[in-house]
Amino acid sequence: MDRVLAKRRDPSRRVVLLEAQTIGWAASGRNGGFAEASLTHGEQNGRARWPDEMDTLDRLGSENLDALERDVTELGIDAQLERTGVLSVAYEPHQVRWLAEAEHGTFLDEPAVQAEIASPVFRAGRFVEGDSALVHPARLAAGLARAASEFGVEVFEHSAVLGLSGSGRGPVEVRVTGGRTVRTGQVALATNVFRPLLRRARLSTVPVYDYVLMTEPLTPAQRDAIGWRHRQGVSDLANQFHYSRLTADGRILYGGYDAIYHAGRRVRASYEDRESSYRTLASHFLTTYPQLEDVRFSHRWAGAIDTSTQFCAFYGLARRGRVAYAGGFTGLGVAATRFAAETMLDRLAGADTERTQLEMVRKRPLPFPPEPFAKIGIEATKWSLDRADHREGRRNLLLRTLDRLGLGFDS
Ligand SMILES: Cc1cc2nc3c(=O)[nH]c(=O)nc-3n(C[C@H](O)[C@H](O)[C@H](O)COP(=O)(O)OP(=O)(O)OC[C@H]3O[C@@H](n4cnc5c(N)ncnc54)[C@H](O)[C@@H]3O)c2cc1C
């Protein structure tokens, strides 16, 4: 997205995109497709961290989602974008209470939520329209790449950046596989969950694996049994939450719950093949939608999420303002990466904008600790979050301490 925006801002600028593998092979091509307006991983997280600028963040987030939708239309991208809204559902009495007390959207009691989607475990819901869109993520990524090429962006796939060098005020030298070097005045780094190219960003995130199942297209009888006429995205309120949605061709995408971290911040294709996570998801799917017990799963996949301690993106500048970076989208980057691209371009231009003035943009979150403390801390936090889910949301001493320090772990 930053490449399209860069060319749009200055068509005479030469823009080169260096991609280690192929565009859209990573999270952008395999996520749940919930494009959310929130730049802060939800209202509650944003209000707790940046209370004074939350109204601005809300407005900028909504404008960003609207702009994403406009881009999709104007660039002619067939991303199957639908603005169906999101239904948050409660399984437990304390979650019903949370939903009843929330201000945004419409509260649905048990009969009302079941009239929308017939699940015996949904005890209440809250429907929020307008703050989200559903997209086909791989089509979005491919469409943006195509648009970038049409704008004149030079796209080089299978071109991993090995490092940056160059000193003083001269060009930044970007070392690429195959002994190639790109010399440039400005660099925007968008490496997401992969090894950061700047040492200072190495402890800022941890990769967390998220797992997804996809059913075959539902038959008319299966659709009748479940309802879901309004095609809302669905998400529950547990710390270890699930998300589900209908695709354009009438399948159910069902993901979430397990959030698996491998010590040493490792990202490996073999971690995607985790039988126990898929089995757990399948059993949760059947508990949620028991009338679909005869439906078959046709696809399953996983991907790594770049989790930051503040649950949303952080921003930085290096090399005298010639290298901008953003990361830490924590499972909510479909729309937020667009905002990050605009923000990185503002900062590279040295522009003073509403975006660059945000405390959220100017301040860096606390890092995760190095190993072995990262692994130990994350496992203890996950255990505590699971316990909270089964104890009416009550948070133990560890979680309360992390809350006070503004630290956390989420997917
Ligand atoms: C299973 C799953 C479900 C998700 N669901 C949602 C969702 O429903 N809603 C939502 O908002 N978010 C979701 N997310 C998160 C979202 O997908 C990401 O936040 C977003 O796609 C990040 O986009 P990106 O372009 O920064 O990163 P990526 O899509 O990971 O792209 C980064 C690219 O950088 C390349 N790269 C890395 N290092 C180098 C290097 N040194 N040289 C050259 N290239 C390099 C990689 O090859 C990769 O292609 C989900 C993520 C996963 C894994």
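In what order do the eight strands of the open sheet stand, and what is the pairing?

1. The model is predicted: local features need pLDDT of at least 70 and side-chain atom pairs count only at pLDDT 80 or more, whereas totals for chains, interfaces and linings use all residues. Residues are numbered from 1 along each chain as its sequence is written.

2. The eight strands follow the order E4-E5-E3-E13-E14-E15-E12-E16, with mixed pairing. Strands (E, at least two residues) and helices (H or I, at least four) are DSSP runs numbered from the N terminus, and two strands pair if DSSP finds at least two bridges between them. Strand E4 (106-108) and strand E16 (297-308) each have a single partner strand, so one side of each lacks a neighbour in the sheet. On average, neighbouring strands are turned by 20° against each other, direction ignored.

3. Strands E13 (residues 233-236) and E14 (residues 242-246) run antiparallel and are joined by two bridges. Valine 234 has serine 244 in E14 as its bridge partner.

4. Helix H12 (residues 373-389) packs against helix H13 (residues 397-405) at an angle of about 110°, their axes being 9 Å apart. Axes are lines fitted to C-alpha atoms, for helices over the stretch in contact, and angles run from 0 to 180 degrees between N-to-C directions. H12 is therefore roughly perpendicular to H13, a term covering 65 to 115 degrees.

5. Ala380, Thr381, Ser384 and Ala388 of H12 make the contact with Leu398, Leu399 and Leu402 of H13; contact requires C-beta atoms, placed from the backbone, to lie within 7 Å.

Note on methods:
Parallel < 35°, antiparallel > 145°, perpendicular 65-115°, else oblique. Contact = placed C-beta atoms within 7 Å.
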